[in-house]
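Visitor: I'd like a walk through this one, with the cut-offs spelled out as we go. Could you show me the thing before I start asking?

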Amino acid sequence: MLGKEKSRIAVAMARRSYKTGLGCVACEELSELGAGKPGWLVDNSNLLCAIDTHSLLIANRSAILLLSWSESNGSPLKIQPELSPIDSESISAIEFLVFDDVRVIVAGTSSGYLLLYSLRGELIHRQIIYPGRVLKLRVRGTKKDLIQDSSPEEFCVVMPGVIARFDGSDIQNMLQKWFEEEHSRFWDKKPKSQDSEDFRNSDVKLPCQLWNIGKYGTCADAAITGIMPPPLMEQQSSQRYYCAVAIGEDAVISAYRLSEDKGRSLVGAILSKVVPATFSTIASFSKLIWRSEQTSPKKSPNKSDQKPQPFARAAPLTCLKDHPRKGEKLTLSPSGTLAAITDSLGRILLLDTQALVVVRLWKGYRNASCLFIEMLVKKDIASSSSTYADPVKSDYCLCLAIHAPRKGIIEIWQMRTGPRLRTISCAKGSKMLQPTYRFGASMSSPYVPLEVFLLNGDSGQVSILNRALDS
């Protein structure tokens, strides 16, 4: 009887696949990345993927391939960054950056460099963040509405024990300037070959904030979850404070309060004001006693000595150590209030990032990956025969999609404590992907819910998980 029940469930799952095919990205260029072998997409840890609404990025250690499933006659674009052979530099992270009318490719390297490319493969910007391997590129922002204050849109670079934050407006201004200059060169009848390198080779650097979050050991992944209140003694501070959550080998979960500058603490303010004044008074007093006309020479800064950007203050908040458990992957919800963390023991922890408390736990999910998704819960929206209206945010519920590759399924769980809503079968060698946050999104435009895509590495098929629960 049990075998018949399992077969009935399998037939029902096959009849209702709960996903919609979008297209295929299979091409000859993928063979250079290992395509054609079973499991090539998921078994190779050096292969990186990122997706947009109509495009896909796949990269290995030395090349980036841009594919599109919506353009049948479009040929793939191959980008080969200039990497240092001395340092064995390689590509370690990739992502899309999407603004209102601008879309670019961003890559991080094992030497700590950030590279921005246009969709034609032109190098827009190159900047070193910090000596170390770039682990993750994160884009985050909350859609603005009249009810809830939103966090500023940001772009973060995660490295072992280090996190850097860029303001989205700074990147957008730089990109707009670059594209305006490229447009003016295109219409210039007498283009100057030297000018094409002026923007790229200039010393202009994108401003960023840098924090050391390695107090409890090097992190495997991290994210800034949003703005948090200042410490008790600094309630009148005008500076922003951010909360960061990190996972790693030594500490499964650790959290930090990030300050915008180095000396915002009360002790730091005392040290920065009182100590210099004390030394100045002592020096003046000694001059009066000894009547010394000698003054200590001031060392002029040497412009050629370029030191790494100093860290801003990161105060540890909490830490969870549970040897031999290790944190592996971290996924952040759109609002930043929830984080799904996978560990080395096959467990998935749902963390409340405001209370810093684990509110839910799943067991038995080895090598799992998680993505948040928004499901359409109001069935009358799609089935209504009246005048059609686009669903709004309140029509969706936040869920967590858990891909269990050993089981060959994707499970959809309602947040925070809801039931399992759906089980979707997927082929081996598949990978879940999610489009990056689009800068400039507002509540005035039709609401675009969180979507989850599925890439089948063996067939090259790209599909999207259906959002309606009754589909």
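Visitor: Which strands each supply at least two residues of the lining of the largest cavity?

Guide: Those are β15 (241-248) and β16 (253-259). This is a predicted model, where local features need pLDDT of at least 70, side-chain atom pairs count only at pLDDT 80 or more, and totals for chains, interfaces and linings use all residues. Residues are numbered from 1 along each chain as its sequence is written, and side-chain values use heavy atoms, with hydrogens and water left out. Strands here are DSSP runs of E with at least two residues, helices are runs of H or I with at least four, and both are numbered from the N terminus.

Visitor: What makes that space a cavity rather than a pocket?

Guide: On a 1 Å grid over the protein atoms alone, a cavity is a set of points where a 1.4 Å probe fits but cannot get out, while a pocket is an open set with protein on both sides within 12 Å along at least five of seven lines.

Visitor: Which residues line the largest cavity?

Guide: Lining residues have an atom within 4 Å of a point; among them are Ile213, Tyr216, Cys219, Ala246, Ile247, Gly248 and Tyr256. β15 gives the most, with three residues.

Visitor: Why is Cys219 called buried?

Guide: Buried means under 20% relative accessible area, exposed over 50%, and partly exposed in between (1.4 Å probe, protein chains only). Cys219 has 7%, so Cys219 is buried.

Visitor: What makes Ile171 buried, and which residues does Ile171 touch?

Guide: Ile171, found in helix α3 (residues 168-187), has 2% relative accessibility and therefore counts as buried. Contact means heavy atoms within 4.5 Å. Leaving aside neighbours within four places in sequence, Ile171 is in contact with Leu97, Phe99, Leu116, Phe155, Phe166 and Leu206.

Visitor: Why are β1 and β26 said to stand at the edges of their sheet?

Guide: The sheet is open, with four strands in the order β1-β28-β27-β26 and antiparallel pairing. β1 (19-24) and β26 (430-433) each have a single partner strand, so one side of each is left without a neighbour in the sheet.

Visitor: How do you know that β27 and β28 pair?

Guide: Two strands pair if DSSP finds at least two bridges between them. β27 (residues 453-456) and β28 (residues 461-465) have three bridges, so they pair, in the antiparallel sense. Leu454 stands opposite Ser463 in β28.

Visitor: Why is Leu356 called partly exposed?

Guide: Leu356 has a relative accessible area of 25%, so Leu356 falls in the in-between class. Leu356 lies in the loop between β20 (348-352) and β21 (357-362), and its phi is near 55°, a positive value in a residue other than glycine.

Visitor: Which peptide bond involving Pro324 is cis?

Guide: The one from His323 to Pro324, with omega near 10°. Pro324 lies in the loop between β17 (314-320) and β18 (327-332).
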